[in-house]
Amino acid sequence: MCGRYLLSYDLEDLIKILEERWNIRQPNIDYYEPSYNIAPGQKIIALYKENNEVAAGSFRWGIEPSWSKNKSRLLINARSETVEEKSTFRDSYSNRRCLILTNGFYEWKRNGGKTPYYITLNEAGLFSYAGLWDYYNDNGIMKKACSILTMESNGSMSKIHNRMPVILNASQEKIWLSENYKDQDLLNPMDSSLLHIHEVSSYVNKWSNNSKKCIEPVVNEQISF
DNA sequence: CCAGACGTTGTT
DNA sequence: GTCTGG
DNA sequence: CCAGACGTTGTT
DNA sequence: GTCTGG
């Protein structure tokens with residue numbers, strides 16, 4: 001699963017990357033703070049198609065279906081295996097795919113307790129998760145929310161957790177956002193040998209802890225006699 | 001037809 | 001809203 | 001995802 | 001345990 005991640009670039013650097021890599025000149029970002037600890041419900045940045053152009057926009061992390069009575073139960077993930085058939089996601093899958101910008105995520109390994117790990121893509125810097133978006137009604141104002149697709153973990157990721165986010169490479173990103181995307185087998189693309197993983201401290205557990213300390217490696221102390 | 005679920009994860 | 005189950 | 005709350009009434 | 005909030 002993917003329930004906590006980061007996007008820690010300064011706004012200036014992020015805007016530069018958006019222009020160089022996506023030719024986005026006027027990102028429609030109404031709120032951004034660099035974060036080492038993005039939690040469900042927060043404002044995040046994603047790329048989506050608007051007027052047939054790739055645009056950057058602000059989204060809430062967590063889709064809330066229009067019929068939902070329990071407004072606080074956000075759908076932060078969507079299973080890639082079933083996204084085409086589930087009524088909650090099917091329309092978004094057809095018409096509202098997005099790329100959720102990131103430079104790494106966290107996963108907790110259950111082992112009696114829970115140990116957090118920081119996972120990133122080797123040398124890639126900024127990358128993205130395949131996502132879906134939909135509108136939600138915020139006191140009469142329609143706003144955008146999104147979910148991160150998940151897939152079965154493979155390789156070293158499966159030692160930590162059985163699920164991982166769907167990560168797309170540059171060419172897959174373009175296909176994912178294209179209007180004529182059909183089922184091009186993009187939902188299970190990541191070879192986790194490309195991922196770099198290291199243990200971090202439980203400092204990251206608390207969402208309000210938002211600093212570089214979240215991603216600092218923990219070296220397990222050897223107990224010597 | 002109406003009633004009830006509709007999502008994911010982890011844990012049990 | 002839309003689908004499934006009875 | 002994890003952390004933290006989880007209840008009511010009356011009085012200040 | 002289960003729900004809410006970030």
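How far does a backbone N or O atom of N205 lie from a sugar or linking oxygen of DNA strand D? The separation is 3.4 Å.

The views below show a predicted model, in which local features need pLDDT of at least 70 and side-chain atom pairs count only at pLDDT 80 or more, while totals for chains, interfaces and linings use all residues. Residues are numbered from 1 along each chain as its sequence is written, chains are lettered from A and ligands numbered from 1 in the order in which they are written, and side-chain values use heavy atoms, with hydrogens and water left out.

**View 1. Residues around DNA strand D.** The residues near this strand (those with a heavy atom within 4 Å of it) are M1, G3, R4, P40, W108, R110, K114, N205, K206 and W207. By class, this surface has four nonpolar, two polar and four charged residues, where Ala, Val, Leu, Ile, Met, Phe, Trp, Tyr, Cys and Pro count as nonpolar, Asp, Glu, Lys and Arg as charged, and the others, Gly among them, as polar. Sugar or phosphate accounts for 76% of the atoms of DNA strand D within 4 Å of the protein, and bases supply the rest.

View 2. A polar contact here is a pair of N or O atoms within 3.5 Å.

**View 3. Aromatic pairs.** The whole structure contains 12 aromatic pairs, that is, rings of Phe, Tyr and Trp (its six-membered ring) with centres within 6.5 Å, counted as stacked with planes under 30 degrees apart, edge-to-face over 60 and tilted for the rest. F59 and W133 form an edge-to-face pair, 5.8 Å centre to centre with 75° between the planes. Because F59 lies in strand 4 (residues 53–61) and W133 in strand 9 (residues 127–138), the pair ties together parts that are 74 residues apart in sequence; strands are DSSP runs (E, at least two residues), numbered from the N terminus. Both F59 and W133 are buried, meaning under 20% relative accessible area with a 1.4 Å probe and protein chains only.

**View 4. Charges over rings.** A charge sits over a ring if NZ of Lys or CZ of Arg is within 6 Å of the ring centre and within 35 degrees of the ring normal. R97 lies over the face of W176, 5.7 Å from the ring centre, and K144 over the face of F59, at 5.9 Å.

Technical notes:
Polar contact = N/O pair within 3.5 Å; in protein donor to acceptor, adjacent residues only side chain to side chain. Helix = DSSP H or I, 4+ residues; strand = E, 2+ residues; numbered from the N terminus. Buried < 20%, exposed > 50% of the residue type's maximum accessible area, 1.4 Å probe, protein only.
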